[in-house]
Amino acid sequence: MAFTPEILFGILADETRLRCLSLLHSEGELCVCEFTHALKLSQPKVSRHLAGLRSAGMVTAQHRGTWVYYRLHPDLPDWVRKILRITVTGIADTRPYKTDRSALAKMPNRPGSLCCA
């Protein structure tokens, strides 16, 4: 996908998408169950936003068994990565982004051995 500022800022303008991207920026890779736990949102809502991010070229998805793991797309243009980094750094200590990271850190049974148990 060819990113334009309008496309990128449209993606970042949605709170759920920004929360997902913020977590991915911090964590590297997350399972859908981790997003639902951290964001306290339903799986269908989280999956719909992640699908939109994937179709926009912001993230990639990998299936492992019955689980789907997401990460930032490795081919994001440098200017997109820079804007994302600056944005995530700037909002890191505000709600709900700080709360999301805290909830994720406290999640029992995080993926590795038992995803979404």
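**Exercise 1. Describe how helix 3 and helix 6 cross and which residues meet there.**

Step 1. Start with handedness: helix 3 and helix 6 form a right-handed crossing, the term for a near helix turned clockwise from the far one by less than a right angle, with anticlockwise being left-handed. Helices here are DSSP runs of H or I with at least four residues, numbered from the N terminus.

This is a predicted model, in which local features need pLDDT of at least 70 and side-chain atom pairs count only at pLDDT 80 or more, while totals for chains, interfaces and linings use all residues. Residues are numbered from 1 along each chain as its sequence is written, and side-chain values use heavy atoms, leaving out hydrogens and water.

Step 2. Now the geometry. Two packed helices are described by the angle between their axes and the distance between the axes. The axes of helix 3 (residues 32–39) and helix 6 (residues 97–105) come within 8 Å and cross at roughly 120 degrees. Those axes are lines fitted to C-alpha atoms over the stretch in contact, with angles from 0 to 180 degrees between N-to-C directions. Helix 3 is therefore oblique to helix 6, since under 35 degrees counts as roughly parallel, over 145 as roughly antiparallel, 65 to 115 as roughly perpendicular and the rest as oblique.

Step 3. Find the contact (heavy atoms within 4.5 Å). Helix 3 supplies E34, H37, A38 and L39, and helix 6 supplies D100, A103 and L104. These residues divide into four nonpolar, one polar and two charged. Nonpolar covers Ala, Val, Leu, Ile, Met, Phe, Trp, Tyr, Cys and Pro; charged covers Asp, Glu, Lys and Arg; the others, Gly among them, are polar.

**Exercise 2. Work out how helix 3 meets helix 4.**

Step 1. The axes of helix 3 and helix 4 (residues 43–56) come within 9 Å and cross at roughly 115 degrees. Their crossing is right-handed.

Step 2. Look for V32, F35, T36 and L39 on helix 3, facing Q43, V46, S47 and L50 on helix 4. By class, that contact has five nonpolar, three polar and no charged residues.

**Exercise 3. Locate the backbone features at K40 and P96.**

Step 1. K40, not a glycine, has a positive phi of about 55 degrees. K40 lies in the loop between helix 3 and helix 4.

Step 2. R95 and P96 are joined by a cis peptide bond with omega about 5 degrees. P96 belongs to the loop between helix 5 (78–91) and helix 6.

Note on methods: Helices (H or I, at least four residues) and strands (E, at least two) are DSSP runs, numbered from the N terminus.
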